[in-house]
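Hello,

Here is the structure we talked about. Please open it and keep it beside you as you read.

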Amino acid sequence: MVAGMVGRGTALGAALLSLLAVPAPTAFAAPAAPAADSAAPAAPAVPAAPATTMPAPDLTALREALRSALAKGAPGAMARIDDHGAVRRLTEGVADKATGRAMNTDDRFRIGSVTKTFTSVVVLQLVDEGRVDLDTSVNTYLPGLLPDDRITVRHLLSHRSGLHDYTDEMFARTVPGFEAVRNKVFSHRELVKLSLEKPLTVEPGTTHAYSNTNFVVAGMLIEKATGRTVQTEYRDRIIKPLKLTDTFYVHPGTAVPGRHVKGYLRPDEAGAPLVDSTRQTASWAQSAGAMISSTHDLNTFVSALLRGKLMSSARLAQMQEWVPVNSTQGYGLGLRRRDLSCGVSVYGHTGTVQGYYTYSFTSKDGKRTITSLANTSNTGDVLNVMPLTLEAAFCGKKPAAARSATPVERHEDIAPSLVRD
């Protein structure tokens, strides 16, 4: 593993020191009697989808989706399904354009915003331990950091803080923006400062407005509450207990450890060659998107999460209090819900980081899980293929006309207001 450390927050005031002095556990165990929660701000709810028995995965449709990603510009694509103990692996194309090495579902890759679910799990464990309260102002824990005392921890994790996403300006020009930060190391506060150069985008606690800034602040909160780095907290609370051997937080190191998929970033200019974007600090993302993993480890993680292995049932229920994103998606606390065409809802997160599109989702019971990857980004054509991998995994065989219909996926986890075609 490539070691990397991020800066720790300063100490809390004397009034909070006794609260935060509890040593961080090396593995999570839900407390017998979690502390009562204060009332959550009202938010429009996404109605629960009816329970539906899932048909067997349609592996033909899944392979068609992966091949479609290649046809639309990805060098390679792959998916792994873990289904009640059975494993299905599909790959197409190459992991390395220079050598021609084929994609392999055992390879590691940058997972982008799937990192947000890891970050949220750590915060919710701290809630279970009584060290953080979801409905307390972030400024209570990080005095003077944010411009509005109404912004709570819950608002961060549900993207309802209104904090501007600094990546919109950072990556307004895709490749030049990336090259400017590829080897740069930011502090958390530097990233927050970039966000605060712009006004709040929504009133705190109202509507969903996706922003990487929220999870940068959540990382700061973790470090302040524990006195340890987010890298250490990910390792001791999630990676070690779940035996995730391919999962790392290497910031500010630039290499992906071991055998891995190379990522290829598409420039804004039509016809320009893809840029190998594999090596970077990912410091612009940190606790919002800097982790590395594999299809096996992500399937293990999201399955364990929905099966209640990582936090108390009360906290898992709060994680699934959905704020509407659009007609088929809701966002909880660091967790996405997608309602598929067959009536099945799936739970997990998407990830976009330069050169990689990742989808990692599981069923409500955590027994069927898929992680799919295309090793390119900044192309809406490939992005639109990714939801089809979920349809194939969870909805089974469908009529040809329905199977070929491509959803319009107008969102990316990086620079969300800048969606390229």
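Below are notes on one helix and on the salt bridges.

Please bear in mind that this is a predicted model.

Start with helix α9, residues 212-226. It has 15 residues, and at 1.5 Å a residue they should span 21 Å. The end C-alpha atoms are 22 Å apart, which agrees. The helix is mostly covered: 15 of its 15 residues are buried. Just after α9, Gly-227 takes a positive phi of about 75°.

Now the salt bridges. The structure holds 25 of them.

- Arg-315 and Asp-128 meet through their side chains, 3.1 Å from N to O. Arg-315 lies in helix α12 (residues 313-319) and Asp-128 in helix α3 (residues 115-128), so the bridge ties together parts 187 residues apart in sequence. Arg-315 has a relative accessible area of 1%, so it is buried. Asp-128 is at 5% and also counts as buried.

- Arg-67 pairs with Glu-92, with the closest N and O atoms 3.1 Å apart. Arg-67 is partly exposed at 49% relative accessibility, whereas Glu-92 is buried at 15%.

- Glu-203 and Arg-150 form a bridge of 2.8 Å, N to O. Glu-203 sits in the loop between α8 and α9, and Arg-150 in the loop between α4 and α5. Glu-203 counts as partly exposed at 45% relative accessibility. Arg-150 is at 45% too, and partly exposed.

Last, a network of salt bridges links Glu-129, Arg-131, Arg-228, Glu-233, Arg-235, Asp-236 and Arg-237.

Best wishes

Notes. Residues numbered from 1 in each chain as written. Predicted model: local features only at pLDDT ≥ 70, side-chain atom pairs only at ≥ 80, totals over all residues. Heavy atoms only, no water. Helix = DSSP H or I, 4+ residues; strand = E, 2+ residues; numbered from the N terminus. Expected span 1.5 Å × (residues − 1). Buried < 20%, exposed > 50% of the residue type's maximum accessible area, 1.4 Å probe, protein only. Salt bridge = Lys/Arg side-chain N within 4 Å of Asp/Glu carboxyl O.
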